[in-house]
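Have the model open while reading the paragraphs that follow.

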Amino acid sequence: MKPPETIRLTPGKRVLFLTKDPELIRRQLRGELDLRMEDLKVEDLLDDINTDAMTPAWVCFSHRPEDIARDAYAGLIVDGKRLFERDALINGNFEVIVSGYRKGVGSSRETAVQAEKWSGIRIAIAASFAPIHARNNISQGVLMGDHEVIHRLQAGEGIPLEEFCDGWDPITRIVIRQGGLFPFSKALAAGEIELPKPHTGPRPMTMAEKILARHMSGDGPHYVKPGDAVVVSVDGGYSHEFTTAQVHYFLEQEYGPDYKVKNPAKLAVFEDHLIYADEVPKMRVFLDKIETLRQLQREFQAHTGVRNFSAQNGVSPGICHEVAREELVEPGDFIQATDSHTCMGGVNNALAWGVGSTEYADLIYQGFTQVEVPESIRFELTGKLQPGVTAKDLMLYILLNHARPQATLDRVMEFAGPGIATLSMDERATLTNMATECAAKTAIVIADDETWRWLAEWRPGVDIERLKARAVAPDEGAEYGGGIHSIDLSSLRPMVAHPGDPDHGVPSDPTNGAWVDEIGDVPIDIAYGGSCTAGKIDDLIFYHQVVKEAVDAGLKVAPGVRFMIQCGSRAVERFVWENGLADTFVRAGVQLIHPGCGACIGCGPGVSETAGEVTVSAINRNYKGRSGPGKLWLASPLTVAASAFTGKITAYTPGMFQKTAAERPALSPA
Ligand code: SF4
């Protein structure tokens, strides 16, 4: 529904302030209290509300938004109890919800917005919004404003709709005015609206700008600059069993049961996220719903004819992003998929980012999408990583030093420089994968000889010259809104991201970087190696390097520690078994898990079961509750593996397990 030209509060409807004081939220939900912005400071409001808190994974097992809304904010837990009981947001009769800084960080799940919208929320207020979350609000027709806006609304003022469009590109303004993405696309198809065309003239461009310019329709060459709103074709996309059901449901609702998608051969579905949910005791109650999601994905695949990466005999072909970079994503591509780590495809010199279910449904139906050209930030890598230091340590360093001060926010992270040549394609993929933790739009790596060697190895028979012709490199003089930052790889040391300090208001966050040698003794219960970030062949080689050294020194995994390794794809798993790595893991007492997402999303072996458990994990995010209730430290594959044998978080130095028996009393003999 189109919003009115003047936005006012509706008499009888309420405003919910998400305060840091949980008791104030409880009283508002019970209808005992109505707050006003003039009585509060922005600092009184919750910051960094992540989408896992708004709709934890189990809530997303329902695919109908009206069902999801019943458990809005089910992940906000205080003293072990839900702050929002079932139906609390719906029953509160709210139409505006107000929080602090950076609302909607974390997973790209659109369900977070749906939970609010189908509870009656039509305006979300925050000091800032995570980029994908903001897009999801726009797709769903939820207006966004800052604290000045709620102040004025509560004062009885009517605010022109145009003010809610301020700061957005010309096409997004039209989407907001139409009341969301589906109404926008229908109006466009009906010829009711005309899109403005940018007239940017020749200029030096970044890699991202070049790819977007090439995907514009009409005779080129085209040129773009940050802030331009452009309609671009999409080369490919994918969804997984956690999101596909909604895509199917929305398309049926909007276009009827006979809807068709454009270019199904370039689209795919994956079964990866929930594949081992049945092995997590807490997930068993949801198995019927999970089976419905799987069934709806099968229905969608059969209906549309998109490529099928379903599980076979209960084993996933792999995590969608890993398989996509192995098999689907080509240099120069523009890829959209329903998952925040779609950015990983940038390793293949492509532009790829995650979108919500509505945006994805719309673009696979239309065959094109509209984007605002983002700014870029360039990382010029020099030198070479020291032994014992990996690309994960580099990303934890960037998270701390560049993402935390928001230099990467909503920008494309461009990786180039002579240091790139010292990193394998798998290591480069760690860089692009974690762009989403940097709250960046995405990341892209310059193509070089290693890119072509790797693609030729993984795609036998591929025409490399054709791929080279599609590759992009930045122009001399291209502009970087986020600046150009030189990082000497040889200066880095092993890092972790700590789980925060909830008692002092420090949330668990991937930007909580610290040098491993400065954190003191941190005993662990679980060591987990896997996920799209750290389930690649080189990651498995890293784990194996440490495990073999430890096993050869007569060690086993430390008593009381569970060490799990999960391959990113079936191809990785094959490599592990065919090259003897698996034998070493088994000898050491490591639990090897078939490919899939698993513990990373709290749906597989490796999740913590109690708040007291401590995990060191090679995954990409440590948001509270994501992989169980325990404390989760992010670390490199080498650190994870070394810690599994010492029983505490330990950086790996080559040869550390070959010390004499007298020097290893702290270690556990086999
Ligand atoms: S491994 Fe984790 S971060 Fe990666 S796609 Fe799966 S759930 Fe998302």
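Which order do the strands of the open sheet of five strands have? The order is β12-β11-β10-β13-β14, with parallel pairing; strands pair if DSSP finds at least two bridges between them. The model is predicted: local features need pLDDT of at least 70 and side-chain atom pairs pLDDT 80 or more, while totals for chains, interfaces and linings use all residues. Residues are numbered from 1 along each chain as its sequence is written, and side-chain values use heavy atoms, without hydrogens and water.

β12 (307-309) and β14 (351-354) are the edge strands, each with a single partner, so one side of each has no neighbour in the sheet. Strand β10 (residues 236-240) pairs with β13 (residues 334-337) over three bridges, and Gly237 has Gln336 in β13 as its bridge partner.

Three bridges join β6 (residues 123-125) to β7, where Ala124 stands opposite Met144.

The ligand is surrounded by residues (a heavy atom within 4 Å) including His273, His321, Asp339, His341, Cys532 and Arg626. This shell divides into five nonpolar, five polar and two charged residues; Asp, Glu, Lys and Arg count as charged, Ala, Val, Leu, Ile, Met, Phe, Trp, Tyr, Cys and Pro as nonpolar, and the others, Gly among them, as polar.

Technical notes
Helix = DSSP H or I, 4+ residues; strand = E, 2+ residues; numbered from the N terminus.
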